[in-house]
Amino acid sequence: MAEIIAERRVLDREVIRSRPNAHSSTGGIAILFGNLAPEGAVVKRAAVAPEMMAHQGPAKVFDSEEEATQAIMGGRIKSGEVIVIRYEGPKGGPGMREMLTPTSLLTGMGMEKEVALITDGRFSGATRGAAIGHVSPEAASRGPIAALADGDIIKIDIPNCKLEVELSDKEISNRLAQLADFEPKVKAGYLRRYAEKVCSASTGAVFR
């Protein structure tokens, strides 16, 4: 390949760029950390609008993709809010379902520059907007995302790789202590075993 390239010349540097004229100074993906994602969360920063790279807003919390989808389609999401979809991680899903429907709806409704979305589920490469997934630890493992309530102020700072909620560590701990034990959605079979044995998305969502 090096020999072939050596005999060719670039006709358009807007298509094939040099390193000094790179399309972006950073990679397309960013890993965020903070009191909402102690083990990390993932965002495709290359698909985030400039005005959403840093965003702060009240949480709108849902315990499944279906609940969030109904709220979006019902017009119950307001500009500036941060949609939270939890219990969709490796254990909670089970299997870490893809949250493409909510983000597709937001994009189709022209809200990808007004509303952020965070989840312990996952996204595909087609996702657009401030969609942050793989939040770890997940809600089913009593991660901080399980402590969120409507109205909590969430801070997203992609350039500085931060994902935080305006709650003290004590308040997060107190809320988590009041939660009932997680009950898997699937009661039998392989998916029940998967939910019992799977580890965090931050360590590969593999069996312990």
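Biologist: In what order do the elements of the protein chain run from the N terminus on?

Modeller: They run α-β-β-β-α-β-α-β-β-β-β-α-α. That comes to 5 helices and 8 strands. Helices (H or I, at least four residues) and strands (E, at least two) are DSSP runs, numbered from the N terminus. A word on the source: this is a predicted model, where local features need pLDDT of at least 70 and side-chain atom pairs count only at pLDDT 80 or more, while totals for chains, interfaces and linings use all residues. Residues are numbered from 1 along each chain as its sequence is written, and side-chain values use heavy atoms, with hydrogens and water left out.

Biologist: What are the spans of the C-alpha trace along its principal axes?

Modeller: About 65 × 40 × 35 Å. The protein chain has 208 residues, and 44% of them count as buried.

Biologist: How many aromatic pairs does a search of the whole structure find?

Modeller: The search finds 3. A pair of aromatic rings is described by the distance of the centres and the angle of the planes. Rings of Phe, Tyr and Trp (its six-membered ring) pair if their centres lie within 6.5 Å. Planes under 30 degrees apart count as stacked, over 60 as edge-to-face and the rest as tilted.

Biologist: What makes the pair of Y190 and F207 stacked?

Modeller: Their ring centres are 6.3 Å apart and their planes are at 25°, so the pair is stacked. This pair links distant parts of the chain. Y190 is in helix α5 (residues 190-197) and F207 is in the segment after α5, 17 residues apart.

Biologist: And which label goes to the rings of Y194 and F207, and why?

Modeller: Their centres are 5.7 Å apart and their planes are at 50°, so the pair is tilted. Y194 is in helix α5 too, and 13 residues separate Y194 from F207. Ring pairs link Y190, Y194 and F207 into a cluster.

Biologist: How much space lies in the largest cavity?

Modeller: About 50 Å³. Grid points are joined across faces, edges and corners, and a volume is the space filled by probe spheres set on the points. The lining includes T103, L106 and T107. Helix α3 (residues 100-108) gives the most to this lining, with 3 residues.

Biologist: What is the volume of the largest pocket, and which elements give two or more residues to its lining?

Modeller: The volume is about 160 Å³. The elements are β2 (37-43) and β6 (131-136). Among the lining residues are I29, F123 and H134.

Biologist: How do the residues of that lining divide?

Modeller: Into 5 nonpolar, 5 polar and 1 charged. Ala, Val, Leu, Ile, Met, Phe, Trp, Tyr, Cys and Pro count as nonpolar, Asp, Glu, Lys and Arg as charged, and the others, Gly among them, as polar.

Biologist: What is the phi of H134?

Modeller: About 60°, a positive value, although H134 is not a glycine. Most residues other than glycine have a negative phi, and most peptide bonds are trans. H134 sits in strand β6. At 27% relative accessibility, H134 counts as partly exposed. M96 also has a phi near 60°. M96 lies in the loop between β4 and α3. Its relative accessible area is 7%, so M96 is buried.

Biologist: Which residues does a cis peptide bond join, with omega about -15°?

Modeller: G93 and P94. P94 is in the loop between β4 (82-85) and α3. A cis peptide bond also joins S136 and P137, with omega about -5°. P137 is in the loop between β6 and β7 (153-157).

Key: 1 Å grid on protein atoms, 1.4 Å probe; cavity = no way out; pocket = protein on both sides within 12 Å on 5 of 7 lines; lining within 4 Å. Buried < 20%, exposed > 50% of the residue type's maximum accessible area, 1.4 Å probe, protein only.
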